[in-house]
Each structure stands twice: as C-alpha cells, then as structure tokens.
Amino acid sequence: MKKVTAAAAVCLTVSLVFAGCRGADKEQTALEGKTLSEIIDLIYEQKDPGIGTATMEVDLGDAGALKYNTGLDSAEGIEEAAVSEAMISAQAYSLVLVRVEDSADTETVAREMQEGIDPAKWICVQADDREVSGYGDVALLIMVSSELSESVTAEEITDAFRTVCGGELAFEL
C-alpha cells in the first residue's frame, strides 16, 4: 500500500511540474522563431493601421538610429530591433519592437524606451497617444498622433499585439 501511495505522489508531483513548465513556456513560444518584422506583420493582420507604413530593422551599431527609433541610449542586452513608421513624414506613427537577450530584462528595457523616446521626432507633428507593453523577450512601443484616431490608436495596436501573443501580455506600462 505504501508503494502505491508513494507512486501516486510521484506521479502527481511530476504532473504538476510539467503543467507549471507548460505555463512558463507559453510566454516563450507565442513569439518564438519569429523575426520582429514577422511579428509586426502579424500585428497588422490583426489591426491594419490604415496608413502607408514601412518596416525596417534598426542598426544596433548606429547609436543615433537606435535612440531615434527606440529611445534607447545603448544596445547592451538588445538582440534586435525593428520599427514600422508612416511613409508620409507628416503622420506621427511609430511601432517599435525590441527583442532583449534576457526576458527578465524586457520590462526594464521597455521603461527605458518609454522614457527615452521623443514623441516629437518628426518635423511638424507629434505623437500624443503612446503605449508600451511586453511579452516574453519582446517589448513594444507604439506612438501615434490622435489626429489619426479614425484610422489607428495606440490601444488598438497594443490589443493586436496582445492577440498575436495569445491573448495576454506580461506587462503594460
């Protein structure tokens, strides 16, 4: 009888461990294997911004481009970054994704992005609608002018990112 009870306890423990691992891996697998440009495409499948956009990788070795596009002063701990911006420079719209090397740092990097980005980086226009969020090792910064609210809002892009991530985000700032 003791062997049966011990075996049942071991089976229960193993089941709980595997269930816990599956939950932790969920956050890693939703975006795993996808480039940042592919994630942006998935976001746009959920919510078309209704304006012409162009997506490009950010050169992490170019400090000026890094700061302008992400708000970050340093690429330390950053694996890659991509930005999708309005093709017409008179429209304040920027969707930025940054992949960090260690997912434990995602929220810290997102806060640095939020604090460092210039919402008036365009000539004659400014973004006044901004949201920052993250999931796994990816941080999202979306900023858009409220003048574009009939086409797109920061909340709509964040909601699209949430959908791409399986319905949940790790944090929203």
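Me: In which sense do strand S4 and S5 pair, and over how many bridges?

Reply: Strands of a sheet pair through backbone hydrogen bonds, either parallel or antiparallel. Here S4 (residues 129-135) and S5 pair in the antiparallel sense, over seven bridges. Two strands count as paired if DSSP finds at least two bridges between them. Helices (H or I, at least four residues) and strands (E, at least two) are DSSP runs, numbered from the N terminus.

Me: What ground rules apply to the numbering and the model?

Reply: This is a predicted model, with residues numbered from 1 along each chain as its sequence is written. Local features need pLDDT of at least 70, side-chain atom pairs count only at pLDDT 80 or more, totals for chains, interfaces and linings use all residues, and side-chain values use heavy atoms, with hydrogens and water left out.

Me: What is the mean pLDDT of the protein?

Reply: pLDDT is the predictor's confidence in each residue, from 0 to 100. The mean for the protein is 85, and 83% of its residues reach 70 or more. Contact means heavy atoms within 4.5 Å.

Me: How many helices and strands are there, and in what pattern along the sequence?

Reply: The protein has five helices and six strands. Read along the sequence, the pattern is α-α-β-α-β-β-α-β-β-α-β. Of the contacts with a separation of 6 or more, 65% are between residues 24 or more positions apart.

Me: In what order do the six strands stand in the sheet?

Reply: The order is S1-S2-S3-S5-S4-S6, in an open sheet with antiparallel pairing. S1 (53-57) and S6 (171-172) stand at the edges, each with a single partner strand, so one side of each is left without a neighbour in the sheet. S1 pairs with S2 (residues 78-86) over five bridges, in the antiparallel sense. In this pair Thr53 stands opposite Ala86 in S2. Helix H2 (residues 36-46) packs on the sheet and touches S1, S2, S3 and S5. The direction of H2 makes about 135° with that of S3. For such angles, axes are lines fitted to C-alpha atoms, for helices over the stretch in contact, and angles run from 0 to 180 degrees between N-to-C directions.

Me: Which strands does S3 pair with?

Reply: S2 and S3 run antiparallel, joined by seven bridges. Ser84 stands opposite Leu95 in S3. A hairpin of six residues joins S2 to S3. S3 (residues 93-100) also pairs with S5, antiparallel, over seven bridges. There the partner of Leu95 is Ile142 in S5.

Me: Are the residues of S3 and S5 buried or exposed?

Reply: Buried means under 20% relative accessible area, exposed over 50%, partly exposed in between (1.4 Å probe, protein chains only). In S3, eight of its eight residues are buried. Tyr93, Leu95, Leu97 and Arg99 point one way, and Ser94, Val96, Val98 and Val100 the other way. In S5 (residues 138-144), seven of its seven residues are buried. Both faces of S5 are covered, with Val138, Leu140, Ile142 and Val144 on one side and Ala139, Leu141 and Met143 on the other. Across the protein, buried residues make up 40% of the 173 residues.

Me: Is Thr106 buried or exposed, and what does Thr106 touch?

Reply: Thr106 lies in helix H4 (residues 106-116). Thr106 is buried, with a relative accessible area of 2%. Not counting residues up to four places away in sequence, Thr106 touches Val100, Gly136, Asp137, Val138, Ala139 and Phe171. Take Ala63 in helix H3 (residues 63-70) as another case. Ala63 counts as exposed, at 52% relative accessibility.

Me: How many disulfides are there?

Reply: A disulfide is a covalent bond between the sulfur atoms of two cysteines. The rule asks for a pair of cysteine sulfur atoms within 2.5 Å. By this rule the count is zero. Cys124 is exposed, with a relative accessible area of 78%. Cys165 is buried, at 1%.
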